[in-house]
Amino acid sequence: MVVTPHHLATQTALAILREGGTAIEAMVAAAATIAVVYPHMNSIGGDGFWLIVPPSGEPIAIEACGPAGSLATLESYSNYEKIPFKGSKSAITVAGTVGGWEEALKYVTECGYQRFSSSRLLADAIYYAEEGFPVSSSHLSGLLDLNFSENLNKDFMSTYLPNGSFPREGQKFYQKKLAQTLKSLALNGLNSFYNGDLAKLIVKDMKSLDIPIVEADLLNYTAIRRVPLKLTHEQGEIFNLPPPTQGVLSLAILGILDQLKIKGDDEGQFIHATVEATKQAFILRDQYLTDPRYMEVNPESLLKSQAILDMANRINSSQASCEGMGEGPGDTIWMGIMDSKGFSVSFIQSIYHNFGSGVLLPETGILWHNRGVSFNLKKGHIRSLMPGKKPFHTLNPAAAILKDGRIMVYGTRGGDGQPQTQAAIFHRYVIQKMNLQKSVSAPRWLFGPATGRDDNNLKLENSEVVGQAGALVRHTDGLLEGAYDPRSNGNAAGY
């Protein structure tokens, strides 16, 4: 079973599963397709994170995010108060997602399976880039939301506004240069993104656009396997990604709700408690989270029972606090896949803000992300910009192994909204015992900025603002259950 926010990515994954592939291989194929057909949300010029629950043994995580380039120094921003959201000054970190695909496929081989060829896994993505695909409502909305006075380069404009105008919903959209790049990856292997002729073309593009990433930055990049963070909950074990992601926030919120014994029979109480738990988690984020090499605390310590209790005790059940500030939106995709072999995959791929940096590499057609805007320009700050340092990430795919034996993978797009939506879905399904689809479809909320402006308040349901979520559950009798977000252009499908 598969759930994605775009129906073409769902069909790509199903095809691989039907041919006998694992959920991991199906995810790589779906990730390639959605990087083409949902360009406002993700691209091969972005980052990715994996959470894999194998048939036996402990879950594993793959951290596929890149560090700041060698030339991205504080001195190079001496004329700026903060890093711009768009343009070459925002395109400052290595793109890690393709390296994550390769690392995930290595794991397939280690598990004893003969992995599918890169050519097969990228076939649909190549076809849609070369032959076109219909513009979705979300894709068009992303274009309409762009601020065209920002630093969007001319190749971006000519590609995403063909003939100088907005495409119509349903109009065929082409990315011919990206198709050639994907063909190169299929022919020469995924690692050629970092070491090979394609890498040289990327570096050439970087230099021409004054992007502070050099050949050695690509050559030295590798995705990293991590041990996931784990929260022991009344209903089982919940897993998420360690720093530099905000996975600890998602786990902390659910831990606080568990500590407060929030059951959900009172919707107002449930939302209030979750928003207040979110504020406590934001305080934790601002104080501690960054590239783990620069953290002063062990992230596991932030989830110990006493730490959760301390945060829970600061919550007033009848009054909103003024603590805890959101940081803003993020355009991302979450996808989930489960196979008959027992693998369950929770996956996120992102370019951060809407259309990332707004910089399209001219030779390769790759849209580069702007995750580097998570850095700040304050010397000595835990998130201060530094060459080789990884930025803070909002991305955090989730999974749970419940006491009754069910396995659940779930997640969403949405920056600050990711931990909040994860809490809503998990709590509604596991604690409130709503059916899975209703748990995803039901009205949601967002505390924090939704547009990058200073609107740090509580927003109730407003279509994509509250994310594009999904969830899959593997039941103990082998039945697979899926739920998709009607706010997306996707679906859940299985066979």
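So, L249, S250, I253, L254 and L257 in α11 meet P419, Q422, A423, F426 and H427 in α14. "Meet" here is about contact, meaning heavy atoms within 4.5 Å. Sorted by class, the residues where α11 touches α14 come out as seven nonpolar, three polar and no charged. For those classes, Ala, Val, Leu, Ile, Met, Phe, Trp, Tyr, Cys and Pro count as nonpolar, Asp, Glu, Lys and Arg as charged, and the others, Gly among them, as polar.

Quick housekeeping: this is a predicted model, where local features need pLDDT of at least 70 and side-chain atom pairs count only at pLDDT 80 or more, while totals for chains, interfaces and linings use all residues. Residues are numbered from 1 along each chain as its sequence is written, and side-chain values use heavy atoms, with hydrogens and water left out.

Back to the helices. Two packed helices are described by the angle between their axes and the distance between the axes. The axes of α11 and helix α14, residues 417-431, come within 9 Å and cross at roughly 45°. That makes α11 oblique to α14. As for the words, angles under 35 degrees count as roughly parallel, over 145 as roughly antiparallel, 65 to 115 as roughly perpendicular and the rest as oblique. The axes are lines fitted to C-alpha atoms, for helices over the stretch in contact, and angles run from 0 to 180 degrees between N-to-C directions. The helices themselves (H or I, at least four residues) and the strands (E, at least two) are DSSP runs, numbered from the N terminus.

The crossing of α11 and α14 is right-handed. A crossing is left-handed if the near helix is turned anticlockwise from the far one by less than a right angle, and right-handed if clockwise.

Now, α14 has another partner, α12, residues 267-288, and their axes come within 10 Å, crossing at roughly 140°. How do α12 and α14 lie to each other? They are oblique, and this crossing is right-handed. On the α12 side we find E267, F270, T274, T278 and F282, and they meet Q420, A423, A424, H427 and R428 in α14. That contact of α12 with α14 divides into four nonpolar, four polar and two charged residues.

Let's jump to the start of the chain. Helix α1, residues 7-18, and helix α2, residues 23-37, have axes that come within 8 Å and cross at roughly 155°. So α1 and α2 are roughly antiparallel to each other. Their crossing is right-handed. In this pair, L8, A9, T12, A13, I16 and L17 of α1 meet A23, E25, A26, A29, A30, T33, I34 and V37 of α2. By class, that is eleven nonpolar, two polar and one charged.

These two helices come back when we look at α5, residues 123-131. Which residues of α5 are buried? A125, I126, Y128 and A129 are, where buried means under 20% relative accessible area, exposed over 50%, and partly exposed in between (1.4 Å probe, protein chains only). Their cover includes α1, α2, β4, β5 and α8.

Setting aside neighbours within four places in sequence, Q175 is in contact with V36, P39, A129, F133, T159 and Y160. Is Q175 buried or exposed? It counts as buried, at 5% relative accessibility.

D210 isn't a glycine, although its phi is positive, about 60°. D210 is found in the loop between α9 and α10 and counts as exposed, at 60% relative accessibility. F355 isn't a glycine and has a positive phi of about 60° too. F355 is in the loop between β10 and β11, but it is buried, at 0% relative accessible area. And the peptide bond from P243 to P244 is cis, with omega near 20°. You'll find P244 in the loop between β8 and α11, and α11 is where we came in.
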